[in-house]
Amino acid sequence: MKDVKAMVLVEPRRLSATTLPARSVTSGGWLAVEATGLSGAEVQAWRGDRPDLVYPLIPGQQVVGRVADLADLSLPYEVGTRVVVEPVIRCGRCSSCRSRLHTCTLRRPFNAYGALPSTEPPGLWGGLAELLYIDPRARLHPVTDDVPAEVATFVHPLASGYTWAVQLPKLQPGESVLILGPGPRGLACLLAAQAAGAGWIGITGLDVDRDRLDLAARLGAHLTVDVTTRDVGREVADELGRRPDVVVDVTSDDPEAIHTALDLVRPGGRVILASTKGGRPLLQFWSDVIVGKQLSVIGALGATSEAYDWACRQLECDPRLDDLVSHQFPLDEANRAIQATAGMLGHEELISVAVTF
Ligand SMILES: [Zn+2]
């Protein structure tokens, strides 16, 4: 096989264009990458904010591509099939997999694309390379050929949105949902809750999120709140007239959001925590609110395979997804792509970012 162009994160903040050999494999296969969506995970890896990661690695976990070569018959797909690849690989045997968690421990530090070091054979474990190794245990979902590859990358956040806003809180038609954070996954929560028949959806953000909040309003959010200038509790009370049934925290590294979520949700409601807080402790945390309001608080990581199936179907029938990927960069400009994802190149018109091949 040919040499493969790849962007290798040699150490934090040093992304290096490299050519790697595609070694021969005896199982699984190879995916010709068409596009890779970027998210906070790539920004954290680039910044060195995840002490558990081992460098060098090829970042990129939201991959869309075509099956290019199969080493054996373990994968039920033909060469040329366009697929999205779930980031998490599940061995099916470790205790995490048996408990249906999204943290397979077969390989270290995580058995997941974009997180495995390039020293782990056969080396090509990230979406910022022309080829991606298809592990025999990887979960692939065929996607339509009728949309551009960069739009298809939005299947990944959309699957997370469905898992977090619909599946985990067991959202019922007519219920109200407040989403904290209007990033790609927050907007995906909006689309998923809407499709599940939510009766009311609000979404909050910061002043820099104005374009994302405007898009949320165009997508049908009943309320958008810039929390830097407005009181979200008062706005929700005015617009909804009661407390929301479900609050989803999809903010970026904002410990305060947990207080907001627990404070605003209705008694007996559900709070989904889908954003980490950079390892920082929560100050002045009064757990009595959880007891007193009899809340269900659920930690969310990753998306289910059922959610991926749902998101792939949405890609075929929801033309609004065209607007969700705002920025595209070629592989050579992956460094700028990561900076754009982090908001370092400005927030104007920034919705989400993809690298295309
Ligand atoms: Zn496992």
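Select E235 and R230 to begin with: in this predicted model the two form a salt bridge, with the closest N and O atoms 2.8 Å apart, and R230 is partly exposed, its relative accessible area being 35%.

Go next to K277 and D249, whose salt bridge has its closest N and O atoms 2.7 Å apart. This pair links distant parts of the chain, as K277 sits in the loop between β12 (270-273) and α9 (288-292) while D249 belongs to strand β11 (residues 246-249), 28 residues apart. Both K277 and D249 are buried.

Now display D145 together with R66, where a salt bridge brings the closest N and O atoms to 3.1 Å apart. Because D145 lies in the loop between β7 (140-142) and α3 (149-152) and R66 in strand β4 (residues 62-70), the pair ties together parts that are 79 residues apart in sequence. R66 is partly exposed, with a relative accessible area of 27%.

Finish at D211 in helix α6 (residues 210-219). Which side chain of opposite charge is nearest to this buried residue? It is R210, 4.1 Å away, and D211 has no salt bridge, the cut-off for one being 4 Å. A polar atom of the D211 side chain does, however, lie 2.4 Å from the backbone nitrogen of E349. Leaving aside neighbours within four places in sequence, select H347, E348, E349 and I351 to show the residues in contact with D211.

Methods. Residues are numbered from 1 along each chain as its sequence is written. This is a predicted model: local features need pLDDT of at least 70, side-chain atom pairs count only at pLDDT 80 or more; totals for chains, interfaces and linings use all residues. Side-chain values use heavy atoms; hydrogens and water are left out. Helices (H or I, at least four residues) and strands (E, at least two) are DSSP runs, numbered from the N terminus. Buried means under 20% relative accessible area, exposed over 50%, partly exposed in between (1.4 Å probe, protein chains only). Lys and Arg count as positive and Asp and Glu as negative; His and the chain ends are not counted. A polar contact is a pair of N or O atoms within 3.5 Å; within protein, one must be able to donate a hydrogen and the other to accept it, and residues adjacent in sequence count only if both atoms are side-chain atoms. Contact means heavy atoms within 4.5 Å.
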